[in-house]
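Please open the sequence and the model side by side, and then read the points below.

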Amino acid sequence: MRATTQRKDWPTIAAIGLLAMCLVTFDHEALGHGGACLALHGRILALSSSVFRCDHISGLIDAAGPASNILCGLVALALRMVTPLRAVRLRLFLILVTGFSFFWEGGYLMHAMHRQDGDLYSFAHWWLGSVSVEDRWIGAALGLALYLLSVRLTARGLLTLFAEPPKARFVARIVWLSAAAGSTLAALVYAGSVAGDLRDAVLEIALASFPLLFIPLRARRSAVDHPAAAIQRSYPAIIFALTVYAVFVATLGHGFA
């Protein structure tokens with residue numbers, strides 16, 4: 001398969017990236033944080049694509065967003081293992097769900113321990129009572145391990161479909177651009193203070209998943225492109241992704257308060 005053939009399919013590739021971003025963001029903010037808030041009989045004060053506040057303070061609510069993303073990433077990884085290679089669009093979607101989930105939480109854990117702020121730092125403080133320098137180093141090391149694992153899993157997943165690194169990297173860059181632009185544009189319509197919402201949206205998706213711009217660096221040994229690796233143009237998939245994104249922007253993008 002020639003690279004030019006892949007380029008003709010970039011709208012479908014971008015649509016898959018956009019869908020993965022919407023799912024991972026919804027999973028963290030609404031399903032994770034929001035679900036935990038309601039389960040603990042709290043009331044949601046603010047909810048957007050990167051902002052959440054509940055009137056009930058609990059470390060369990062702080063941890064629920066990251067935990068939900070880790071679970072979502074693991075489920076996507078398990079499903080990817082049993083999804084046939086011929087279902088190339090679904091496999092790419094599952095690769096990205098795992099990647100965005102783990103990139104987000106691995107990077108966020110390192111950031112939280114460094115800044116002594118954020119969901120995971122608040123959870124650690126709630127759980128331990130106080131967070132020592134040693135605790136922060138352990139947390140940062142765990143975050144780095146998860147981040148590097150995400151790099152490896154994403155690269156291997158892409159190379160399962162596209163054996164040549166330039167082909168796999170082209171796909172990775174398209175989905176990064178789509179997801180980063182999608183999350184950023186959604187944050188710009190936030191009904192509250194746009195600055196903080198936009199900053200967090202950029203950190204969680206665009207910055208956290210920046211390795212997609214560079215991976216994979218090398219091919220797997222004796223690997224060849226799978227026959228199904230040429231992602232065909234799918235207008236139903238593109239229309240579905242744009243519809244989901246429109247709902248995402250109108251709800252989590254605009255936010256609830």
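1. A word on the ground rules. This is a predicted model, in which local features need pLDDT of at least 70 and side-chain atom pairs count only at pLDDT 80 or more, while totals for chains, interfaces and linings use all residues. Residues are numbered from 1 along each chain as its sequence is written, and side-chain values use heavy atoms, with hydrogens and water left out.

2. Let us begin with aspartate 27. This residue sits in helix α2, residues 10-39; helices (H or I, at least four residues) and strands (E, at least two) are DSSP runs, numbered from the N terminus. Aspartate 27 is buried but has no salt bridge, and the nearest side chain of opposite charge, arginine 80, is 16 Å away. Here buried means under 20% relative accessible area, exposed means over 50%, and partly exposed is in between (1.4 Å probe, protein chains only). A salt bridge is a side-chain nitrogen of Lys or Arg within 4 Å of a carboxyl oxygen of Asp or Glu. For charge, Lys and Arg count as positive and Asp and Glu as negative, with His and the chain ends not counted.

3. What does the side chain of aspartate 27 make a polar contact with? The partner is the side chain of serine 68, at 2.8 Å. A polar atom of the aspartate 27 side chain also lies 3.2 Å from the backbone nitrogen of asparagine 69. A polar contact is a pair of N or O atoms within 3.5 Å; within protein, one must be able to donate a hydrogen and the other to accept it, and residues adjacent in sequence count only if both atoms are side-chain atoms. Setting aside neighbours within four places in sequence, aspartate 27 is in contact (heavy atoms within 4.5 Å) with Gly32, Ser68, Asn69 and Cys72.

4. Next, the salt bridges: how many does a search of the whole structure find? There are 3. Aspartate 55 pairs with arginine 43, their closest N and O atoms being 4.0 Å apart. Aspartate 55 is in the loop between β2 (52-54) and α3 (59-82) and arginine 43 is in the loop between α2 and β1 (44-47), so this pair ties together parts that are 12 residues apart in sequence. Aspartate 55 is partly exposed at 42% relative accessible area, and arginine 43 counts as exposed at 52%.

5. Glutamate 164 and lysine 167 also form a salt bridge, at 3.7 Å from N to O. Glutamate 164 is partly exposed, with 43% relative accessible area, whereas lysine 167 counts as buried at 8%. Arginine 199 and aspartate 200 meet in a salt bridge too, at 3.3 Å, and arginine 199 counts as exposed with 51% relative accessibility.

6. Val202, Leu203, Leu207, Phe210, Phe214 and Leu217 make a nonpolar surface patch of about 550 Å². Patches are made of residues with over 30% relative accessible area and no salt bridge; like charges are joined within 9 Å, and nonpolar side chains (Val, Leu, Ile, Met, Phe, Trp, Tyr) within 5 Å. Accessible areas come from the Shrake-Rupley method with a 1.4 Å probe, and for residues only the protein chains shown count as cover. Phenylalanine 210 lies in the loop between α8 (194-207) and α9 (235-253) and is partly exposed at 38%.

7. Two backbone details deserve a glance. Most residues other than glycine have a negative phi, and most peptide bonds are trans. Histidine 41 has a positive phi, near 65 degrees; this residue is in the loop between α2 and β1 and is exposed, with a relative accessible area of 77%. The peptide bond from isoleucine 215 to proline 216 is cis, with omega near -5 degrees, and proline 216 lies in the loop between α8 and α9.

8. Phenylalanine 170, in helix α7 (residues 165-187), counts as buried at 17%. Its C-alpha is 9.5 Å from that of phenylalanine 214, 44 residues away in sequence. Serine 49 is in the loop between β1 and β2 and is buried, at 5%. Apart from neighbours within four places in sequence, the contacts of serine 49 include Thr25, Glu29, Asp197 and Phe248.
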